[in-house]
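I opened this model to look up two things.

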Amino acid sequence: GTRVEPLRFMGVNFDITGRRKAEEAVAAAHRQVQSIIDNATAIIYAFDLEGRFVMANAAIAELLNSTPEQMIGKRRHEFMPKDDADWHEENDRQTIEAGRPLEFEEYSQLRDRSITWFTTKFPLRDAQGRIYGVAGISADVSERKQAQEMWRESEERYRGVVENTTAIILRLDPRGVINCANSRALEFFGYAADELIGRHAVGSIVPARESTGRDLAAMVDQIAAYPDRFHSNANENICRDGRRVWLEW
C-alpha cells in the first residue's frame, strides 16, 4: 500500500514546425480556391469515383438548397430527381472512361423550372496520373437555348411564308449582291439557286447600265438612312432568256 511518487519525467520533443507550416499552407490554398469558385456564377463541383461530392461551390449549393459542407460525401440523388442524377452520373462515367475533358448539354428540373446547362467535365488525377474523380463546370444557358428555339421557329415560319408566296422575293447585301432568292424568283428569272446566289443584281437581273448601278446605290443609301420606312422602286429587269420586264420592288 506504499504510494510511489514519480521522481522525474522524461519526454522526447520533435520539431514539427515544417509540418505545421505545410498544413497551414495547404489550408490557406484550399480556402483561396474555395473563395475563387464561390464567387463564380457557373456551378463548379467534383465527385469521387463512387459519385460522391468532394467539392461544391456556393452556386451549386444554393441551387440545391444546401451548403458546400453539407454536400460533401453525398451523391446527387439526395438533391436532384433520380432521372436527372442518373443521367449526369452517366456523363461523369463517360468522362472518366475517355480520360480527357468532354463537353455536354445537360438538363435539370430544379425549383419548378427546366434548366439547360453547357457543361465541361474533366478527370481528376493524382501525382501518379491515376484518375480519382471527375470535376465539372456548368453554365446556365436556358435563356440562350430558349432564344435559339424561338429564332429557329421564327426562321421556319419566315421560310414558309417566303417559299409559298407568289411574290418575287430577293435579298441583297449593301453592295447589291444577291444572297437569298425564293423559289418564285428563281423560276421567274430562270436561274437555279447556285447560279443566282452570290451574283451582283446589276448585270444579272437588271441591265448592266451605269445609271442602274447609281439607282441601286441610291436606293441602298436611302434604306440605310431611313430603315423604318417603306421604300418602293420600279425598274427594268432582265430574265436569263433575255426577256425584259418592269417590276416594282
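I counted zero disulfides, taking one as a pair of cysteine sulfur atoms within 2.5 Å. A disulfide is a covalent bond between the sulfur atoms of two cysteines. I checked C180, and the nearest cysteine sulfur, that of C239, is 18 Å away. C239 is likewise in no disulfide.

**Model notes.** This is a predicted model, where local features need pLDDT of at least 70, side-chain atom pairs count only at pLDDT 80 or more, and totals for chains, interfaces and linings use all residues. Residues are numbered from 1 along each chain as its sequence is written, and side-chain values use heavy atoms, with hydrogens and water left out.

Is C239 buried or exposed? I noted C239 as buried, at 3% relative accessibility. C180 is partly exposed, with a relative accessible area of 22%. Buried means under 20% relative accessible area, exposed over 50%, partly exposed in between (1.4 Å probe, protein chains only).

**Cavity.** I searched the whole structure and found one cavity of 30 Å³ or more. A cavity is a set of points, on a 1 Å grid over the protein atoms alone, where a 1.4 Å probe fits but cannot get out; lining residues have an atom within 4 Å of a point. The largest cavity holds about 130 Å³ of space. It is lined by 15 residues, and I43, I60, R76, M80 and H88 are the closest to its centre. I sorted the lining into 10 nonpolar, three polar and two charged residues. Which elements each supply at least two lining residues? I listed β1 (43-48), α2 (58-63) and β3 (102-110).

Definitions and conventions. 1 Å grid on protein atoms, 1.4 Å probe; cavity = no way out; pocket = protein on both sides within 12 Å on 5 of 7 lines; lining within 4 Å. Points joined across faces, edges and corners; volume = space filled by probe spheres on them. Helix = DSSP H or I, 4+ residues; strand = E, 2+ residues; numbered from the N terminus. Nonpolar A, V, L, I, M, F, W, Y, C, P; charged D, E, K, R; others polar.
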